[in-house]
Amino acid sequence: MQTFTPPRPPAYRAARPREKSALLLSHVLAPANLVIALLPLIGWHSTRSWQGAAWGLLATVFCGAVPIGIVAMGVRRGALTDAHIRVRRQRLVPMGASLLSVVAGMALLHGAHAPRAVLALVVSMLVGLVLSLAVTAWWQISLHNSVAGGTVIVLALAFGPVVLAVAVVGAAAIGWSRLALRAHTVAQVVAGTALGAASGLVFALLR
C-alpha cells in the first residue's frame, strides 16, 4: 500500500505566480465543478432543449452538490484536510458516501425516464467513481484527472474534434496544476486520466 502524502498546498497570498496559477486551476476545474458543468450541457445537447438541461441539473444534485456537501462537512469537522482531500486514507469514506448518492440519482433518473444521454453520463460517472475508489484503497490516483479524462471523452463524443482539442488542453492544464502543487506524481496523473477516459467510454456505449 502506498504511503505517499502530498505536502500542504501554499496559501494563495503567499504563493509564487506559478503556484497561484496551479491553485486556481485546481479549484476552478475541480472534479465536482466539471461534473456540475458537464451534466446540464450534455442534457441540453441530447435534447436541444432547456428541458434536457433541467434533467442534467437534477443529476448534478446527486453527482455534484451532495459530494461537495459531504466533503465540506468533513472539512468543517476536521475529519478531512481540505476540499481536495490530499491524504489518501481520508478519501475512502467521502468517496463511498458520494457513490451512494450517485446510485440514488441514477435510480431516480431511470425511474423518471430522464434523457438517455443524461442517464448514460451518470452511469459513466458511477463507473469512474467505483474504479477510482478501488484504486484509492491502495494508491493515490489523481481524481482531478480521472474526471478530466472522462470529460474529454464525453465532450469529444458529443461535440466533435474541435471541442476535443480544447478539452485535451484543459485536461493537460489540470494535470500540470496537480504536478506543480506536488499533489500527485506523474504516474498518478497519467493513471487518473486513463481511468477517466476508460469510464468515459461507458457513455459511448450507453448514450
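Modeller: The lining of the second largest pocket has 13 nonpolar residues, 2 polar and no charged. Ala, Val, Leu, Ile, Met, Phe, Trp, Tyr, Cys and Pro count as nonpolar, Asp, Glu, Lys and Arg as charged, and the others, Gly among them, as polar. This is a predicted model: local features need pLDDT of at least 70, side-chain atom pairs count only at pLDDT 80 or more, while totals for chains, interfaces and linings use all residues. Residues are numbered from 1 along each chain as its sequence is written, and side-chain values use heavy atoms, with hydrogens and water left out.

Biologist: Which helix gives the largest share of the lining of the second largest pocket?
Modeller: H7, with 6 residues. Helices are DSSP runs (H or I, at least four residues), numbered from the N terminus.

Biologist: New topic. How do the axes of H2 and H3 cross?
Modeller: At roughly 160°, and the axes come within 7 Å. Axes are lines fitted to C-alpha atoms over the stretch in contact, with angles from 0 to 180 degrees between N-to-C directions. H2 and H3 are therefore roughly antiparallel, a label for angles over 145 degrees.

Biologist: What kinds of residues make up the contact of H2 with H3?
Modeller: 13 nonpolar, 6 polar and no charged. Contact means heavy atoms within 4.5 Å. Among them, Trp44 is in H2 and Trp50 in H3.

Biologist: And the lining of the largest pocket, how does that divide?
Modeller: Into 23 nonpolar residues, 13 polar and 1 charged.

Technical notes: Helix = DSSP H or I, 4+ residues; strand = E, 2+ residues; numbered from the N terminus. Parallel < 35°, antiparallel > 145°, perpendicular 65-115°, else oblique.
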